Amino acid sequence: MTGCGRQGPHPFYRLRVVLVLLTCLPGALPADAGNDHEPVHAWLGPAAMDFDYKEYADGETLNHEHGTLYGLAGGVQAGRNALSIEGDLSWFGNDVSYDGQTQAGTPVNTQTDEHILDALARAGWRFRRQERLQYQLFGGLGYRYWQRDIKSTSAATGVDETYTWWYGLLGGRGLYRANQRTTWVAEAQFMRPLDPEIEVDFNGGLDDTRLDLGSEPGVRLSLAWQHTLGSGWRLEIMPFYTAWDIGRSQNRPLKQNGVVVGRVFEPRSETREYGIQASLGVSF
């Protein structure tokens with residue numbers, strides 16, 4: 001988002017910080033951690049998800065966005081002994097349907113151009129390692145950048161909203177090796193946004209504004225099927241589910257050319273994502 005009154009680092013500066021961390025992950029393992037060294041594994045592949053977003057106020061649904069987003073997901077993982085480190089990066093985008101209303105209650109049906117980028121770094125510790133069954137706990141830090149461009153109609157002028165937040169995460173993973181080539185991996189990850197915010201561009205009708213949002217827990221669940229192809233290559237297919245709940249912002253002055261003309265707030269919202277990603281990875 002390109003709000004005029006933004007203070008502090010630009011969202012893409014924050015994203016670059018995460019990307020630098022991801023590129024440093026393989027070299028972050030201690031050199032004297034032991035001889036049980038696992039190869040570095042990197043993966044990349046297409047992804048798609050059913051995107052469902054709703055805003056609420058006083059128990060009523062203000063607007064609903066729904067559609068399919070397409071994207072790309074990749075990452076890198078390394079480990080030594082019981083310690084593992086991992087970085088993931090994903091991007092999704094597409095137009096989805098928008099069903100809402102103006103402040104005066106006039107129905108609005110249009111399209112929203114969605115762009116979602118998510119980056120995270122995690123460190124995990126394996127508590128049990130057997131030939132067929134393993135357990136691991138992990139924690140880390142992530143960053144989410146979401147641009148939501150609501151298109152204008154004859155009844156209402158669209159707005160361009162950008163949500164950004166860092167988030168802490170904790171989770172667990174279970175790995176079951178069905179045979180020498182096939183492995184199942186179940187994972188649950190709990191997330192907490194850190195100072196989430198939104199920047200709103202009113203497309204010239206009003207002054208841009210920035211709002212601090214409420215922080216509520218989120219969750220991500222996944223179940224991956226991994227199949228070894230040989231020569232270090234591996235195919236993975238992973239269905240996933242992600243839920244974000246963001247709290248209502250405080251009221252702030254709404255301005256036009258610097259003059260206060262009203263009040264503005266961002267309603268409470270819920271985002272649900274049901275998706276699947278397929279990736280091809282290689283160990284080296």
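## Starting with a cut-off

A residue is called buried when its relative accessible area is under 20%, exposed when it is over 50%, and partly exposed in between. R210 has 22% relative accessibility, so this arginine counts as partly exposed. The side chain of R210 meets that of D212 in a salt bridge, with 3.3 Å from N to O.

Keep in mind throughout that the model is predicted.

## The chain as a whole

Let us step back to the overall picture. The protein chain contains one helix and 14 strands. It has 284 residues, and 46% of them count as buried.

The contacts tell a story about sequence separation. Among contacts in the protein chain with a separation of 6 or more, 67% are between residues 24 or more positions apart. Some of the pairs described below can be read with that figure in mind.

## Salt bridges across the strands

How many salt bridges does the structure hold? The count is 16. One of them joins R126 to E38, where the closest N and O atoms are 3.1 Å apart. This pair links distant parts of the chain, since R126 is in strand β4 and E38 is in strand β1 (residues 37-57), 88 residues apart. The two partners fall into separate burial classes: R126 has 13% relative accessibility and so counts as buried, while E38 has a relative accessible area of 27% and is therefore partly exposed.

Another salt bridge is formed by the side chains of E86 and R173, at 3.2 Å from N to O. E86 belongs to strand β3 (residues 83-101) and R173 to strand β6, so this pair ties together parts that are 87 residues apart in sequence. E86 is buried, and R173 is buried as well. These two residues also belong to a network of salt bridges that links E86, D88, R122, R173 and E187.

## Charges over rings

The charged end of R220 sits over the ring of F240, at 4.5 Å from its centre.

## Aromatic pairs and a cluster

The count of aromatic pairs comes to eight. One of these is made by Y143 and W166, a tilted pair with 5.0 Å from centre to centre and 55° between the planes. Which strands does this pair tie together? Y143 lies in strand β5 (residues 133-150) and W166 in strand β6 (residues 160-177), so the pair joins parts that are 23 residues apart in sequence. Both Y143 and W166 are buried.

There is also an aromatic cluster, formed by F51, Y53, W146 and Y163.

W125, F127 and L137 make a nonpolar surface patch of about 370 Å². W125 is part of strand β4 (residues 107-129). Is W125 buried, partly exposed or exposed? Its relative accessibility is 46%, so W125 counts as partly exposed.

S90 is found in strand β3. Its relative accessible area is 18%, so S90 is buried. Beyond its neighbours within four places in sequence, S90 is in contact with L72, A73, I116, L117 and D118.

## Two aspartates with positive phi

Most residues other than glycine have a negative phi. D58 has a phi near 55°, a positive value in a residue other than glycine. It is placed in the loop between β1 and β2 (60-80). With 83% relative accessibility, D58 counts as exposed.

D195 also has a positive phi, near 50°, and it too is a residue other than glycine. D195 lies in strand β7 (residues 182-201).

Conventions
Residues are numbered from 1 along each chain as its sequence is written. This is a predicted model: local features need pLDDT of at least 70, side-chain atom pairs count only at pLDDT 80 or more; totals for chains, interfaces and linings use all residues. Side-chain values use heavy atoms; hydrogens and water are left out. Patches are made of residues with over 30% relative accessible area and no salt bridge: like charges are joined within 9 Å, nonpolar side chains (Val, Leu, Ile, Met, Phe, Trp, Tyr) within 5 Å. Accessible areas come from the Shrake-Rupley method with a 1.4 Å probe; for residues, only the protein chains shown count as cover. A salt bridge is a side-chain nitrogen of Lys or Arg within 4 Å of a carboxyl oxygen of Asp or Glu. Helices (H or I, at least four residues) and strands (E, at least two) are DSSP runs, numbered from the N terminus. Buried means under 20% relative accessible area, exposed over 50%, partly exposed in between (1.4 Å probe, protein chains only). Rings of Phe, Tyr and Trp (its six-membered ring) pair if their centres lie within 6.5 Å; planes under 30 degrees apart count as stacked, over 60 as edge-to-face and the rest as tilted. A charge sits over a ring if NZ of Lys or CZ of Arg is within 6 Å of the ring centre and within 35 degrees of the ring normal. Contact means heavy atoms within 4.5 Å.
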